[in-house]
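Thanks for coming. I will go through one model, starting with a pair of helices and then moving to the sheet.

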Amino acid sequence: MKHTSVFLVGLMAVGKSSVGRQLADELGYSFYDSDHEVEIRAGAEIAWIFDVEGENGFRERETQVINELTPIDRIVLATGGGVVLREENRRVLSNRGYVAYLTSPISLLAERTRKDRRRPLLRGVDPGATLEAFARERGPLYESVADRTFMTDGSSIRKVAREVAQWHRDALEKAES
(Lines give C-alpha, C1' and ligand atoms only; values in the text may rest on other atoms or scores of the structure.)
Protein backbone atom coordinates (compact mmCIF):
# COMPACT_ATOMS: atom_id res chain seq x y z
CA MET A 1 0.00 0.00 0.00
CA LYS A 2 1.13 3.54 -0.75
CA HIS A 3 2.02 5.96 2.00
CA THR A 4 -0.33 8.89 2.50
CA SER A 5 2.16 11.42 1.14
CA VAL A 6 1.60 13.64 -1.90
CA PHE A 7 4.38 14.30 -4.40
CA LEU A 8 4.04 17.21 -6.83
CA VAL A 9 5.68 16.99 -10.26
CA GLY A 10 5.70 19.35 -13.23
CA LEU A 11 7.79 21.86 -15.12
CA MET A 12 9.67 24.64 -13.35
CA ALA A 13 7.55 27.66 -12.39
CA VAL A 14 4.28 25.71 -12.54
CA GLY A 15 3.64 26.36 -8.86
CA LYS A 16 4.75 23.15 -7.16
CA SER A 17 6.28 24.90 -4.14
CA SER A 18 3.51 27.48 -3.72
CA VAL A 19 0.72 24.93 -4.12
CA GLY A 20 2.67 22.46 -2.00
CA ARG A 21 2.88 24.80 0.99
CA GLN A 22 -0.86 25.49 0.84
CA LEU A 23 -1.62 21.80 0.31
CA ALA A 24 0.45 20.80 3.33
CA ASP A 25 -1.45 23.34 5.45
CA GLU A 26 -4.77 22.07 4.09
CA LEU A 27 -3.92 18.43 4.88
CA GLY A 28 -2.00 19.04 8.11
CA TYR A 29 1.11 17.47 6.55
CA SER A 30 4.74 18.58 6.61
CA PHE A 31 6.04 20.36 3.51
CA TYR A 32 9.35 19.73 1.76
CA ASP A 33 10.81 21.16 -1.43
CA SER A 34 13.40 18.81 -2.94
CA ASP A 35 15.42 21.67 -4.50
CA HIS A 36 15.59 23.44 -1.15
CA GLU A 37 16.61 20.21 0.57
CA VAL A 38 19.41 19.71 -1.98
CA GLU A 39 20.65 23.24 -1.25
CA ILE A 40 20.55 22.67 2.52
CA ARG A 41 22.51 19.41 2.29
CA ALA A 42 25.04 20.86 -0.17
CA GLY A 43 25.42 24.15 1.65
CA ALA A 44 25.16 25.84 -1.74
CA GLU A 45 22.61 27.11 -4.23
CA ILE A 46 21.52 24.91 -7.11
CA ALA A 47 23.11 27.28 -9.64
CA TRP A 48 26.49 26.75 -7.92
CA ILE A 49 25.99 22.96 -7.88
CA PHE A 50 25.29 23.05 -11.63
CA ASP A 51 28.38 25.20 -12.23
CA VAL A 52 30.71 23.00 -10.19
CA GLU A 53 29.24 19.49 -10.52
CA GLY A 54 27.15 19.83 -13.67
CA GLU A 55 23.60 18.64 -14.14
CA ASN A 56 24.55 15.04 -13.41
CA GLY A 57 26.00 16.01 -10.02
CA PHE A 58 22.82 17.85 -9.18
CA ARG A 59 20.67 14.89 -10.31
CA GLU A 60 22.68 12.57 -8.02
CA ARG A 61 21.99 14.85 -5.09
CA GLU A 62 18.33 15.13 -6.08
CA THR A 63 17.91 11.34 -6.22
CA GLN A 64 19.44 11.03 -2.76
CA VAL A 65 16.97 13.59 -1.37
CA ILE A 66 14.03 11.83 -3.06
CA ASN A 67 15.13 8.52 -1.53
CA GLU A 68 15.46 10.11 1.92
CA LEU A 69 12.16 12.00 1.96
CA THR A 70 9.68 9.72 0.19
CA PRO A 71 9.54 7.05 2.94
CA ILE A 72 8.22 9.72 5.35
CA ASP A 73 4.47 9.49 5.73
CA ARG A 74 2.12 12.48 5.67
CA ILE A 75 4.29 14.89 3.73
CA VAL A 76 3.82 17.06 0.68
CA LEU A 77 6.94 17.06 -1.48
CA ALA A 78 7.42 19.60 -4.26
CA THR A 79 9.96 18.06 -6.63
CA GLY A 80 12.30 19.72 -9.10
CA GLY A 81 11.19 19.90 -12.72
CA GLY A 82 13.70 17.32 -13.89
CA VAL A 83 13.13 14.72 -11.17
CA VAL A 84 11.32 12.46 -13.65
CA LEU A 85 14.36 12.17 -15.92
CA ARG A 86 15.66 9.31 -13.78
CA GLU A 87 13.74 6.05 -13.88
CA GLU A 88 14.65 5.38 -10.24
CA ASN A 89 12.95 8.63 -9.16
CA ARG A 90 9.84 7.86 -11.19
CA ARG A 91 9.58 4.41 -9.62
CA VAL A 92 10.11 5.71 -6.09
CA LEU A 93 7.57 8.51 -6.47
CA SER A 94 4.94 6.20 -7.96
CA ASN A 95 5.42 3.50 -5.34
CA ARG A 96 5.67 5.62 -2.21
CA GLY A 97 2.84 8.11 -2.48
CA TYR A 98 0.23 9.87 -4.54
CA VAL A 99 1.63 11.88 -7.44
CA ALA A 100 -0.08 15.05 -8.66
CA TYR A 101 1.14 16.50 -11.96
CA LEU A 102 0.76 20.28 -12.08
CA THR A 103 0.69 21.77 -15.56
CA SER A 104 0.25 25.19 -17.13
CA PRO A 105 0.63 26.75 -20.60
CA ILE A 106 4.26 27.25 -21.65
CA SER A 107 3.61 30.94 -22.37
CA LEU A 108 2.67 31.51 -18.72
CA LEU A 109 5.70 29.58 -17.45
CA ALA A 110 7.99 31.53 -19.80
CA GLU A 111 6.60 34.80 -18.44
CA ARG A 112 7.08 33.64 -14.84
CA THR A 113 10.72 32.69 -15.49
CA ARG A 114 11.66 35.54 -17.82
CA LYS A 115 13.72 37.44 -15.23
CA ASP A 116 14.56 34.53 -12.93
CA ARG A 117 18.34 34.21 -12.54
CA ARG A 118 18.18 31.25 -10.12
CA ARG A 119 17.29 28.63 -12.72
CA PRO A 120 20.53 27.34 -14.23
CA LEU A 121 18.85 25.52 -17.12
CA LEU A 122 17.34 28.79 -18.34
CA ARG A 123 20.47 30.97 -18.21
CA GLY A 124 21.42 32.40 -21.56
CA VAL A 125 18.57 30.73 -23.47
CA ASP A 126 15.09 31.57 -24.70
CA PRO A 127 12.93 30.43 -21.75
CA GLY A 128 9.89 29.75 -23.94
CA ALA A 129 11.79 27.53 -26.38
CA THR A 130 13.62 25.73 -23.57
CA LEU A 131 10.43 25.14 -21.59
CA GLU A 132 8.71 23.89 -24.76
CA ALA A 133 11.55 21.39 -25.27
CA PHE A 134 11.32 20.32 -21.62
CA ALA A 135 7.55 19.86 -21.99
CA ARG A 136 8.05 17.57 -25.00
CA GLU A 137 10.72 15.54 -23.22
CA ARG A 138 9.28 15.45 -19.71
CA GLY A 139 5.52 15.63 -20.31
CA PRO A 140 5.16 11.90 -21.03
CA LEU A 141 7.34 11.13 -17.99
CA TYR A 142 5.18 13.30 -15.72
CA GLU A 143 2.10 11.59 -17.09
CA SER A 144 3.62 8.15 -16.51
CA VAL A 145 4.00 8.78 -12.75
CA ALA A 146 0.94 10.95 -12.16
CA ASP A 147 -2.12 9.65 -10.40
CA ARG A 148 -3.91 12.85 -11.46
CA THR A 149 -3.18 16.03 -13.43
CA PHE A 150 -4.14 19.53 -12.29
CA MET A 151 -4.07 22.74 -14.35
CA THR A 152 -2.59 25.71 -12.47
CA ASP A 153 -3.29 28.54 -14.91
CA GLY A 154 -6.01 31.01 -14.08
CA SER A 155 -6.57 29.54 -10.61
CA SER A 156 -5.38 30.82 -7.28
CA ILE A 157 -2.79 28.81 -5.41
CA ARG A 158 -5.36 28.18 -2.67
CA LYS A 159 -7.94 26.86 -5.18
CA VAL A 160 -5.47 24.44 -6.76
CA ALA A 161 -4.30 23.29 -3.32
CA ARG A 162 -7.90 22.65 -2.27
CA GLU A 163 -8.57 20.66 -5.47
CA VAL A 164 -5.49 18.51 -4.87
CA ALA A 165 -6.40 18.08 -1.19
CA GLN A 166 -9.92 16.92 -2.05
CA TRP A 167 -8.61 14.48 -4.64
CA HIS A 168 -6.08 13.17 -2.12
CA ARG A 169 -8.69 12.69 0.61
CA ASP A 170 -10.92 10.86 -1.87
CA ALA A 171 -8.02 8.63 -2.96
CA LEU A 172 -7.18 7.77 0.66
CA GLU A 173 -10.81 6.98 1.40
CA LYS A 174 -11.04 4.77 -1.67
CA ALA A 175 -7.81 2.96 -0.72
CA GLU A 176 -9.21 2.19 2.73
CA SER A 177 -12.45 0.70 1.42
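Some housekeeping. This is a predicted model, with local features needing pLDDT of at least 70 and side-chain atom pairs counting only at pLDDT 80 or more, while totals for chains, interfaces and linings use all residues. Residues are numbered from 1 along each chain as its sequence is written, and side-chain values use heavy atoms, with hydrogens and water left out. Helices (H or I, at least four residues) and strands (E, at least two) are DSSP runs, numbered from the N terminus.

Back to the pair. Helix α2 covers residues 34-42 and helix α3 residues 46-69; they pack at an angle of about 110°, with axes 9 Å apart. Axes are lines fitted to C-alpha atoms, for helices over the stretch in contact, and angles run from 0 to 180 degrees between N-to-C directions. That angle makes α2 roughly perpendicular to α3. The classes are under 35 degrees for roughly parallel, over 145 for roughly antiparallel, 65 to 115 for roughly perpendicular, and oblique for the rest.

On the α2 side the contact (heavy atoms within 4.5 Å) includes S34, D35 and V38, and on the α3 side it includes I49, F58 and V65. By class there are 8 nonpolar, 1 polar and 7 charged residues. Here Ala, Val, Leu, Ile, Met, Phe, Trp, Tyr, Cys and Pro are nonpolar, Asp, Glu, Lys and Arg are charged, and the others, Gly among them, are polar.

Take V38, in helix α2. At 2% relative accessibility V38 counts as buried; buried means under 20% relative accessible area, exposed over 50%, and partly exposed in between, with a 1.4 Å probe and protein chains only. Leaving aside neighbours within four places in sequence, V38 touches I49, F58, R61, E62 and V65. The C-alpha atoms of V38 and R59 are 9.7 Å apart, at a separation of 21 residues along the chain.

Now the sheet. It is open, with 5 strands in the order β2-β3-β1-β4-β5 and parallel pairing; two strands pair if DSSP finds at least two bridges between them. β2 (30-33) and β5 are the edge strands, each pairing on one side only. Neighbouring strands are turned by 20° against each other on average, direction ignored. β2 joins β3 (residues 75-78) through 4 bridges, and D33 stands opposite A78 in β3. Helix α1 (residues 16-27) packs on the sheet, touching β1, β2, β3 and β4, and its direction makes about 165° with that of β1.

How many residues of strand β4 are buried? For β4, residues 98-103, the count is 6 of the 6, so the strand is largely enclosed by the rest of the structure. Y98, A100 and L102 point one way, and V99, Y101 and T103 the other. In a regular strand the side chains alternate between the two faces of the sheet. β4 has 4 bridges to β1 (residues 6-9), with L8 partnered by A100. β4 also has 4 bridges to β5 (residues 148-151), where T103 stands opposite M151.

Last, α5 (residues 106-113) and α6 (residues 127-145) pack at about 130°, axes 9 Å apart, and are therefore oblique to each other.
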